[in-house]
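Here are my notes for a colleague who is opening this structure for the first time.

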Amino acid sequence: MSGFDLDQLRTLVAVLEAGSLTAAAPKVFLSQSSVSEQMRKLEERAGQPLLIRGKAGVIATPAGERLLSHARAILALSDEAFRDLRGVALRGELRLCITDYFRPGDVARLLRRLNEQYPQVRMHVTIMKSGTIEAAYERGEVDVGISMVIQERGASKGRPQGALLRRESLLWMAAEGASAPPEPLPLLALPETCALRQYAERLLARRAVPYAVAHVASGVAGLQLAIAAGLGVACLNESALTPGIGRLQAPGLPSLPDVEFRLLPPRPGEDRFIGQAREAIERALR
């Protein structure tokens with residue numbers, strides 16, 4: 001038999017996106033040993049190594065990168081064929097709003113994958129603050145929204161609770177290799193309307209940690225640049241860690257909770273296309 005096994009290709013994509021065999025296992029509903037066996041068989045089929053394994057996880061070899069690109073296209077085509085033959089091909093226009101904090105380094109790739117899987121869906125994507133997304137959704141100006149909720153006591157009271165996409169830790173971050181920050185703490189943040197900035201300032205005030213806002217960025221990308229440049233310290237979710245930014249563990253800084261990223265729940269009487277699109281987005285972005 002020529003060609004590749006679809007399940008093995010799907011597992012390859014999961015492994016390289018997750019960064020390790022262990023992290024990929026729950027994404028493809030397999031044990032870690034089964035994932036390892038699938039990768040062994042796939043490399044045998046390919047006739048060359050596809051993964052470089054190390055203590056920090058796995059990365060693709062040049063052959064693995066080439067196969068990854070093919071795998072995404074093959075899987076997208078397979079999914080589209082299935083939907084077409086089952087009469088569930090998605091066609092239409094979709095207004096999607098995503099919080100700025102959601103997987104800032106990955107969201108472009110995830111949206112590209114959605115576009116490959118659903119080429120007949122025209123997506124209008126907007127990045128907004130969570131509170132703005134929720135208000136726009138209530139007014140019917142958004143079809144599908146992804147917002148962030150800080151997991152502190154009472155934070156989610158009264159807020160819409162849709163499907164959970166991701167849970168992450170909040171971290172204090174500074175330039176990689178930075179020493180303990182000076183006093184007052186030079187805080188880097190988004191504008192005053194940002195819920196995460198408001199939370200960080202309340203927390204520092206409650207713990208009597210002196211701080212001063214040293215820089216205000218318009219978005220997470222700008223905030224990441226300010227951190228990497230050594231301008232100060234920021235409170236961000238874990239997926240915002242990028243090269244040049246590290247976790248800051250300084251005495252006196254208060255511990256931080258987790259955050260959850262959720263799809264806003266369906267509206268009563270929602271259009272069938274919107275419901276199907278929400279399900280597709282949930283599968284693609286988890």
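1. The UniProt record, in an unreviewed entry, places the feature "domain: HTH lysR-type" at residues 4-61. In this model, which is predicted, the end C-alpha atoms of residues 4-61 lie 18 Å apart, and the span is 55% helix and 14% strand.

2. Helix α4 covers residues 62-85, and Leu-67 is one of its residues. Is Leu-67 buried or exposed? Its relative accessibility is 7%, and because buried means under 20%, Leu-67 counts as buried. Leu-67 and Gln-276 stand 209 residues apart in sequence, while their C-alpha atoms are 29 Å apart in space.

3. The largest pocket has a volume of about 1300 Å³. Its lining is made up of 40 residues, and those that lie nearest the centre of the pocket are Lys-27, Arg-113, Arg-283, Ala-284 and Arg-286. At least two residues of this lining come from each of α1 (6-18), α4 (62-85), α5 (107-117), β6 (164-175) and α9 (272-285). Sorted by class, the lining of the largest pocket holds 19 nonpolar, five polar and 16 charged residues.

4. The second largest pocket contains about 350 Å³ of space and is lined by 23 residues, with Lys-129, Ser-130, Cys-194, Ala-195 and Leu-196 lying nearest its centre. The elements β4 (121-128), α6 (130-138), β5 (144-150) and α7 (195-206) each contribute at least two residues to this lining, and α7 gives the largest share, with four residues. The lining of the second largest pocket consists of 11 nonpolar, seven polar and five charged residues.

5. Why can the second largest pocket be said to lie between domain 2 and domain 3? Domain 2 (92-165 + 261-285) and domain 3 (170-256) both give residues to the lining of this pocket, and it therefore lies between them.

6. The residues that line the largest cavity are Leu-90, Leu-94, Leu-114, Asn-115, Tyr-118, Val-121, Met-123, Ala-277, Ala-280 and Ile-281. Two or more residues of this lining come from each of α5, β4 and α9, and the largest share, three residues, is that of α9. By class, the lining of the largest cavity has nine nonpolar residues, one polar residue and no charged residues.

7. The second largest cavity holds about 60 Å³ of space. Its lining is formed by Tyr-101, Leu-187, Leu-188, Ala-189, Leu-190, Cys-194, Leu-196, Arg-197, Ala-200, Leu-223 and Cys-235, and both β7 (185-189) and α7 supply at least two residues to it. The lining of the second largest cavity divides into 10 nonpolar residues, one charged residue and no polar residues. Two of these lining residues, Cys-194 and Leu-196, are also among the residues that lie nearest the centre of the second largest pocket.

8. Strand β11 spans residues 258-263, and five of its six residues are buried, so the strand is largely enclosed by the rest of the structure. β11 pairs with β5 in the antiparallel sense over five bridges, and within this strand Val-259 is the bridge partner of Ile-150. β11 also runs antiparallel to β6, to which five bridges join it; here the partner of Arg-167 is Glu-260 in β11.

9. Strand β9 (residues 234-237) is covered on both faces, with Ala-234 and Leu-236 buried on one side and Cys-235 and Asn-237 buried on the other. This strand pairs with β6 in the antiparallel sense over four bridges, and the bridge partner of Trp-172 in β9 is Cys-235. Cys-235 is also one of the residues that line the second largest cavity, while β6 is one of the elements that supply at least two residues to the lining of the largest pocket.

Technical notes:
Residues numbered from 1 in each chain as written. Predicted model: local features only at pLDDT ≥ 70, side-chain atom pairs only at ≥ 80, totals over all residues. Heavy atoms only, no water. 1 Å grid on protein atoms, 1.4 Å probe; cavity = no way out; pocket = protein on both sides within 12 Å on 5 of 7 lines; lining within 4 Å. Points joined across faces, edges and corners; volume = space filled by probe spheres on them. Nonpolar A, V, L, I, M, F, W, Y, C, P; charged D, E, K, R; others polar. Domains from an automatic or database assignment. UniProt positions renumbered as here; feature names shortened; annotations may be inferred. Buried < 20%, exposed > 50% of the residue type's maximum accessible area, 1.4 Å probe, protein only. Pairing = 2+ DSSP bridges.
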